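Reader: I've got a model open and I'd like to learn how to read its inner spaces. Can we go through it together?

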Amino acid sequence: MSQELVVLVNPNKLHPPITPYALDILTTSLEAAGFRVEVLDLTFRRDDWRSAVEEFFADREPLLVGITIRNTDTIYPQEQRVFLPEHREIIQAVQAVSSAPIIAGGVGFSSMPFALVDYFGIDFGVKGPGEIIISRLAKALAGGDSPRTVPGLIINTGDGVTRVPGDGVWVSELPLRHELEGRAEFANRETAYTRRSGEPWKVDNLKYYQRGGLGNILTKNGCPFACTHCVEPDAKGNRFARRRPEKVVDEMEALTGQGVLDLHTTDSEFNLNIGNSKAILREIVRRKNADASSPLHRLRLWIYSQPAPFDEEFAELLAQAGCRGVNVAPDHVREDILKGWKVTSGGARYYTFDNTREVCRLANKYGMLTMVEVMAGMPGETWETLRECVDATLALDATVVGFTLGIRLFPYSPLGIEFAQRSAGVRTVPGVQSNTATRPITIRPIESCASVVEYERQFMFDEDGELRPLYYFSPDLPEDKETMGLPNGRWLRTVEMLWKYIPEEDHPRVMLPTAPGLTKDDNNYADNPFLTCLVQMGYKGAFWSHWRQRDEILLEAAARGLTAEVVG
């Protein structure tokens with residue numbers, strides 16, 4: 001057996017394709033540790049992925065196989081599509097042709113890692129940043145040492161799933177409880193990540209850009225905030241793991257030099273810890289001013305942002321660096337809805353709707369597009385509060401306003417934890433539903449469960465092991481009692497009322513949920529018919545920047561004989 005080859009597999013078959021950035025991050029650290037790394041990317045082989053797996057492993061005997069699980073499901077409340085069975089099918093195909101141990105990770109995986117190690121039947125898992133842990137595991141396997149020497153590694157013992165203790169690693173004993181971790185020490189913060197294009201058996205960043213319209217860049221990992229719907233402080237870590245600004249810009253320069261010109265930030269979110277963000281922007285501007293030939297002059301940056309902090313200096317730096325658009329997420333306009341929801345780790349609110357107005361004003365002043373995102377249906381939402389939210393956000397001078405109705409519940413989001421406590425395994429919680437539920441939904445808090453696997457599974461599977469992702473819709477919305485009394489009741493009356501309430505002349509600049517959850521009007525990325533046509537026609541940049549023109553673009557696509565079907 002080769003003691004130096006580590007294989008990384010991307011099982012994501014969604015289109016438009018999203019660059020598997022995590023595999024570049026893992027490759028960087030593994031190569032620095034002395035390992036040879038090859039990537040089996042199934043995104044562009046989604047119709048013949050099984051043949052791709054068999055052909056690849058026919059003449060390779062790797063030391064270790066890593067699988068990235070970016071998403072467990074679409075988290076889109078109307079569609080509720082789950083990807084886990086197709087991921088497991090790919091993992092089983094790898095197991096059939098390779099005896100190498102398998103480790104999985106990724107932000108989706110990290111939302112319920114113990115349950116997924118068990119469900120996939122794999123050897124190892126990692127929660128949060130994986131580059132340090134996978135490198136240590138590879139070294140242990142190559143040296144004949146026990147995987148139990150790798151702190152933070154999740155291990156399938158055959159009798160259960162456990163985790164190796166160590167500094168910065170929370171391991172609970174019975175009765176179980178949950179604590180957040182910083183995990184900054186498990187992230188590579190010091191070097192640029194190696195980004196490649198056109199090299200065999202590596203992530204092809206340029207191909208992803210050509211087929212998907214965007215590249216990606218990470219400036220920091222983790223989030224110390226405590227928004228009740230969000231999994232990221234748990235899945236990524238509740239401390240900022242800031243990367244060195246010059247190394248981030250080295251990476252941006254490498255990508256733009258390869259022709260990947262539109263980059264979106266993958267932080268939670270770019271303007272949080274704004275001092276580091278400004279330092280990165282200043283470094284971009286400095287290099288552009290110092291070198292007229294720098295590929296950074298062609299950079300088009302797209303950022304995710306919270307409404308605050310966002311001052312004029314930040315806006316000016318963004319524009320100078322080449323930012324084309326700001327995606328800002330106030331999520332609502334009413335303080336009584338947001339109080340206790342969008343908060344710091346100490347429970348304090350950190351912005352008002354005036355901050356959102358200011359973001360839009362500054363973006364417009366400096367020539368940047370804006371998308372404002374609203375998450376409707378959280379606890380306390382009524383038709384009156386929703387109408388007020390619609391009126392206020394449509395009054396903004398924003399390029400696009402997007403509305404999502406409903407929220408995915410995860411094991412370690414504050415809302416998921418709260419509802420498990422309220423249910424206590426014996427009562428239903430009003431508003432909790434799943435389109436695939438066949439019986440009343442009850443969930444047990446972690447301290448009432450015999451294992452972490454048992455606790456996490458409840459948020460994806462029912463008692464018979466059937467898929468049942470959990471969602472929440474405010475029971476104070478104007479749905480009929482029958483709908484709200486069913487475990488699989490769908491909040492479609494509110495969707496219909498939302499469509500009717502928004503003036504038809506505003507529809508071109510608004511993203512609205514639909515009953516199918518997958519139409520040209522939905523803010524749902526996975527295999528979206530508009531987006532698949534968009535990228536086939538060569539459009540680049542954040543997809544929402546083209547939203548207002550979607551009807552014209554689809555007509556042009558039809559005239560050119562293009563369809564929403566994606567060709568790998």
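Reader: Which helix gives the largest share of the lining of the second largest cavity?

Author: A cavity is a set of points, on a 1 Å grid over the protein atoms alone, where a 1.4 Å probe fits but cannot get out, and lining residues have an atom within 4 Å of a point. Here helix α19 (residues 529-536) gives the largest share, 3 residues; helices are DSSP runs of H or I, at least four residues, numbered from the N terminus. This is a predicted model, where local features need pLDDT of at least 70 and side-chain atom pairs count only at pLDDT 80 or more, while totals for chains, interfaces and linings use all residues. Residues are numbered from 1 along each chain as its sequence is written, and side-chain values use heavy atoms, with hydrogens and water left out.

Reader: How many residues line the second largest cavity, and which lie nearest its centre?

Author: The lining has 13 residues, with G212, L534, V535, G541 and F543 nearest the centre. By class, 9 are nonpolar, 4 are polar and none is charged; Gly counts as polar in this scheme.

Reader: Is T356 buried or exposed?

Author: Buried means under 20% relative accessible area, exposed over 50%, and partly exposed in between (1.4 Å probe, protein chains only). T356 is buried, because its relative accessible area is 0%. T356 sits in helix α13 (residues 353-365). Leaving aside neighbours within four places in sequence, T356 is in contact (heavy atoms within 4.5 Å) with P307, P330, V372 and L396.

Definitions and conventions:
1 Å grid on protein atoms, 1.4 Å probe; cavity = no way out; pocket = protein on both sides within 12 Å on 5 of 7 lines; lining within 4 Å. Helix = DSSP H or I, 4+ residues; strand = E, 2+ residues; numbered from the N terminus.
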